[in-house]
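Below is a short walk through one protein model, taken a few places at a time. Please look at the sequence and the fold before reading on.

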Amino acid sequence: MTKKRIVLAYSGGLDTSVAIGWMKEKLDVEVIAVSVDCGQGGEDLQVIRQRALDCGAVEAYVADAKDEFANDYCMPALRTNGLYEGKYPLVSALSRPLISKHLVMAAKQFGATTMAHGCTGKGNDQVRFEVSFTSLAPDLDCVSPIRDLSLQRDVSIAYAEEHHLPIETTKHNPFSIDQNVWGRAIETGFLEDLWNAPTKDVYNYTDDPAFAGIPDEVVISFEKGIPVAIDGVKMTPLQVIQEMNRRAGAQGIGRIDMVEDRLVGIKSREIYEAPGAIALITAHQALEELTLERLQLRYKRQQVEPTWSDLVYEAQWNSPLKKSLDAFVDFTQEYVTGEIRMVMHAGRAVVDGRRSEASLYDFKLATYDSGDTYNQAAARGFIEIYGMQSRLAAARDVRFGKGIELAASHL
């Protein structure tokens with residue numbers, strides 16, 4: 001009798017390596033490991049593929065999705081200036097819908113009926129994977145061996161050592177790390193004590209900003225909100241991100257230490273490194289300030305960007321609302337074309353130059369020197385009308401004895 005097949009999202013780390021063995025033993029199934037390269041660097045996909053087989057998988061599906069991730073996931077996040085709680089550039093949240101897409105493709109290819117992931121019951125990723133599975137393939141079941149068997153991290157480490165699994169995570173390296181080309185997320189270990197400061201070994205994508213070298217000036221060219229060149233050299237989105245990771249990372253840009261609100265209702269201390277993402281978002285925001293109309297820019301900043309970021313963080317990549325907001329963002333980017341000059345140094349990316357053929361900045365209206373075309377005589381009537389409601393409300397307060405009392409001056 002043919003055994004049931006389960007497709008597992010396989011990262012090559014502790015939890016998913018342990019999950020292969022546990023599912024084989026407890027569920028009596030065949031496991032197909034799926035690894036998707038979103039630009040996490042480090043080990044070659046074929047090394048990860050072999051590790052999955054060594055851990056007991058019957059098949060291993062690997063996909064180089066770096067360009068797909070940069071084009072279809074990172075660029076929408078950049079055009080939206082996606083930052084969860086105003087800080088986190090959605091590093092892991094962006095990759096989960098893409099990984100889920102490839103898992104569904106592998107399930108169809110290998111005849112699997114169930115999807116699996118190695119997430120715990122405390123994190124966001126369990127929700128992201130399972131909601132993505134549901135939205136892409138509602139006919140497939142889903143299991144979560146680490147969560148459903150309540151495997152604690154120390155138990156997983158012990159299992160890996162007992163079974164001699166070929167993974168690097170040990171009791172001496174207890175961090176949980178997720179990374180891709182958009183950034184790097186680090187948690188657990190001594191970081192769970194909020195009073196403990198991150199040590200040097202936590203960071204990998206960024207150099208210490210306290211020891212930055214000479215300032216690095218960069219010019220980023222955008223077309224409709226997409227970066228297309230660095231210092232005049234044409235690049236793909238992936239190449240732009242990689243180049244900015246290198247240069248901004250060398251200046252210590254993009255280090256984030258925050259306590260965030262997880263979807264499951266707990267607060268979690270997270271360390272992030274996102275040098276390219278933070279530098280590119282900074283540049284993109286500056287170009288939008290030049291090219292978007294005032295009310296359009298205000299609505300995008302105050303309403304669309306935080307809502308879009310919340311939706312992506314909370315596993316709603318394929319939701320109708322998120323797709324509707326995508327359409328709004330697409331419309332806003334029509335004129336976001338031009339160049340931004342930044343100086344990167346000691347942990348900061350500072351914009352000091354901007355230009356665009358689609359700019360709404362009018363020098364003749366803005367200047368205080370000769371050549372000013374602004375009609376200052378019109379300001380008096382504008383202020384009279386603009387302040388009318390406040391004046392009427394204040395007069396009413398006075399009539400009812402509720403006017404603002406001004407303290408007398410004491411000379």
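Is C55 buried or exposed? C55 is buried, since its relative accessible area is 8%; buried means under 20% relative accessible area, exposed over 50%, and partly exposed in between, with a 1.4 Å probe and protein chains only. The model is predicted, so local features need pLDDT of at least 70 and side-chain atom pairs count only at pLDDT 80 or more, while totals for chains, interfaces and linings use all residues. Residues are numbered from 1 along each chain as its sequence is written, and side-chain values use heavy atoms, with hydrogens and water left out.

The cysteines can be taken together. A disulfide is a pair of cysteine sulfur atoms within 2.5 Å, and by this rule the count is 0 disulfides. For C55, the closest cysteine sulfur is in C119, 17 Å away, too far for a bond. C74 is likewise buried, at 0% relative accessible area, and its sulfur lies 8.3 Å from the closest cysteine sulfur, that of C38, which is too far for a bond.

Next comes R51, placed in helix α2 (residues 45–54); helices are DSSP runs of H or I with at least four residues, strands are runs of E with at least two, and both are numbered from the N terminus. R51 counts as buried because its relative accessibility is 9%. Apart from neighbours within four places in sequence, R51 is in contact with Y10, G12, S17, E43, P166 and I167, where contact means heavy atoms within 4.5 Å.

Further along the chain, two helices pack together. Two packed helices are described by the angle between their axes and the distance between the axes. For helix α9 (residues 275–291) and helix α10 (residues 294–313), the angle is about 140 degrees and the axes are 9 Å apart. Axes are lines fitted to C-alpha atoms, for helices over the stretch in contact, and angles run from 0 to 180 degrees between N-to-C directions. α9 and α10 are therefore oblique to each other, as angles under 35 degrees count as roughly parallel, over 145 as roughly antiparallel, 65 to 115 as roughly perpendicular and the rest as oblique. H284, Q285, E288 and E289 of α9 meet L297, K300, R301 and E305 of α10.

Two alanines have a positive phi. A315, in the loop between α10 and α11 (320–332), has phi near 75 degrees and is buried at 7% relative accessibility. A346, in the loop between β13 (338–345) and β14 (348–355), has phi near 50 degrees and is partly exposed, with a relative accessible area of 34%.
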